[in-house]
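Please look through the sequence and the structure shown below, and keep both at hand while reading.

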Amino acid sequence: MRARGARVTDIVILVVAADDGVMKQTVESIQHAKDAHVPIVLAINKCDKAEADPEKVKKELLAYDVVCEDYGGDVQAVHVSALTGENMMGLAEATIALAEMLELKADPTGAVEGTVIESFTDKGRGPVTTAIIQRGTLRKGSILVAGKSWAKVRSMFDENGRAVDEAYPSMPVGIIGWRDLPSAGDEILEVESEPRAREVVDWRKYEQEQEKNKEDLKLIEEKRKEHQEAHRKDREKYGTLHWKERSYIKYKEKRQQQPLKLKEKLERDSNVLPIIVKGDVDGSVEAILNIMDTYDASHECELELVHFGVGDISENDVNLAETFHGVIYGFNVNAGNVIQQLAAKKGVKIKLHKVIYRLIEDLQEELSSRLPCIVEEHPVGEASILATFFITEGKKKVPVAGCRVQKGQIEKQKKFKLIRNGHVIWKGSLISLKHHKDDTSVVKTGMDCGLSLDEEKIEFKVGDAVVCYEEKQVPAKTSWDPGF
């Protein structure tokens, strides 16, 4: 979104807080401005605060090749306060001065050119775009083409929502009258007539279809080669065998490929999270999908994007989520009472958010809930072996360890492990635990006891440690790190 903004604008006003200094988003914005070859005006904000240090900001920016005029560079630095309005006119004057130096001009005549900044669907008005006009003068009735959509301008409004009849270069304007919803960043061009607009859109759709066909053919060719190679290997494998032997081997292989059992099917389905994403505007959906593109934990749980779109959550979204057993995520959109009741009836989760970070955190929690719990060992007590001996039970000699509990307590019903030289050599349960000659279920710190294991082949050695522990299931967390 920042990169798109940098490409559209002629001057970037880089706002940096005087108390925080250069942050990650500042560095990212500087890089976008450089990539777009757009000059920068530095606005050092929050200069009204006592801890503000504008000079520190200027020095930190030197590391990123942003050199202010105070340090011999060409970047104007203006100290401002958005809270009090201090020196905002100075920022405007600095921007105008730079525009005059660069001789930034636009042609208000001729065919309109512009860029879609954002697009969304509005109830009662249909598809709406906010755009910046970069050339020409946009008027009602103009025929526009953007991406694979076209419009006959029905009405326009400014940044305050007031209706306007004309939009000049550099003016942000909302445009109503689109047949479909263009994408943020699409170039707007004016054409002479509706037939011409349809022709352009049809051609662009045809080109996209041809490009997709090329990609599909490439995938088909790769699959064909894989199948040919597999067929060749099968022929080599069965080529020297008699037809009866070949038939018998194929029959055995087919028998081994049994359909998934119900339990295995449920485990497989629980390891997939199908989701539907709905956002208020095209750019928000794009940002969310870009974050999801970083998902790299498919080995834990597969993230499956079933559908995405712009607008409020609809009945079709709920039906689709029910079909795929998925979750609906909404960003800055609404789900009416009827929709929520329908979702509750069908057992579909609808999760609404107004902050992208919170939506992604919620998605991480949902992914984590699909993972099997982790079993953790929690020590209850530890004893050291002081002596070893055997007792006779019937015709068998059973090894017994004479121990002293060093910390915690030993409980017979818990699990145990035998540790020798820092290595676990046995895990299991006790068959007997005695204090002196009496059977007991608990031996506390400082007390002596004798114990025998459920594994007769294990030999005790003086100095070994016997650890009593219990297992607890802890919810697992996904390893996916979206980067914030």
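## A cysteine in a strand

C449 lies in strand β24, where helices (H or I, at least four residues) and strands (E, at least two) are DSSP runs that are numbered from the N terminus. With a relative accessible area of 6%, C449 is buried; the terms used here are buried for under 20% relative accessible area, exposed for over 50%, and partly exposed in between, with a 1.4 Å probe and protein chains only. Once its neighbours within four places in sequence are left aside, C449 is in contact with A401, G402, C403, L433, K434 and V443, contact meaning heavy atoms within 4.5 Å. R370, by comparison, is 79 residues from C449 in sequence and 44 Å from it in space, C-alpha to C-alpha.

The model is a predicted one, in which local features need pLDDT of at least 70 and side-chain atom pairs count only at pLDDT 80 or more, while totals for chains, interfaces and linings use all residues. Residues are numbered from 1 along each chain as its sequence is written, and side-chain values use heavy atoms, with hydrogens and water left out.

T130 lies in strand β5, which covers residues 126-135, and at 25% relative accessibility T130 counts as partly exposed. Apart from its neighbours within four places in sequence, T130 has contacts with T115, V116, I117, E118, F120, V173 and G174. Between T130 and D158 there are 28 residues of separation in sequence and 9.1 Å in space, C-alpha to C-alpha.

K148 is placed in the loop between β7 (143-146) and β8 (149-157), and with a relative accessible area of 36% K148 is partly exposed. If residues up to four places away in sequence are not counted, K148 touches D180, V201, R204, K205 and Q208. K148 and G85 are 63 residues apart in sequence, and 43 Å apart in space from C-alpha to C-alpha.

An α-helix has 3.6 residues a turn, so residues three or four places apart point the same way. In helix α3 (residues 54-62), the residues P54, V57, K58 and L61 are buried. They cover an arc of only 100° around the axis, which puts them on the same side of α3; the arc is that of the directions from the helix axis to the C-beta atoms. The buried residues of α3 pack against β1 (12-17), α2 (24-35), β2 (40-45) and β3 (76-79).

Which residues are buried in helix α9 (residues 315-324)? They are D317, V318 and A321. These residues cover an arc of only 100° around the axis, and therefore lie on the same side of α9, whereas N316 and T323 are exposed on the other side of α9. The packing partners of the buried residues of α9 are β13 (272-279), β14 (302-310), β15 (327-331), α10 (337-346) and β16 (349-353).

## Positive phi angles

Most residues other than glycine have a negative phi, and most peptide bonds are trans. H325, which follows α9, has a positive phi near 55°. The phi of N87 is also positive, near 65°; N87 is found in the loop between β3 and α4 (88-102) and is partly exposed, with a relative accessible area of 37%.

S170 has a positive phi near 75° and is found in the loop between β10 (166-167) and β11 (172-178). At 61% relative accessibility, S170 counts as exposed.

## Domains and a cavity

The protein is divided into domain 1 (1-102), domain 2 (113-199), domain 3 (272-370) and domain 4 (375-475), with bounds that come from an automatic or database domain assignment. The centres of domain 2 and domain 4, taken over C-alpha atoms, are separated by 78 Å.

Rolling a probe the size of a water molecule over the atoms shows where empty space is left. On a 1 Å grid over the protein atoms alone, a cavity is a set of points where a 1.4 Å probe fits but cannot get out, and lining residues have an atom within 4 Å of a point. Grid points are joined across faces, edges and corners, and a volume is the space filled by probe spheres set on the points. The structure holds 1 cavity of 30 Å³ or more, and the largest cavity has a volume of about 40 Å³. Its lining is made up of V398, P399, S452, L453, E455, E456, I458 and F460, and β18 (396-411) and β24 (448-453) each supply at least two residues of this lining.

How values were computed
On a 1 Å grid over the protein atoms alone, a cavity is a set of points where a 1.4 Å probe fits but cannot get out, and a pocket is an open set with protein on both sides within 12 Å along at least five of seven lines; lining residues have an atom within 4 Å of a point.
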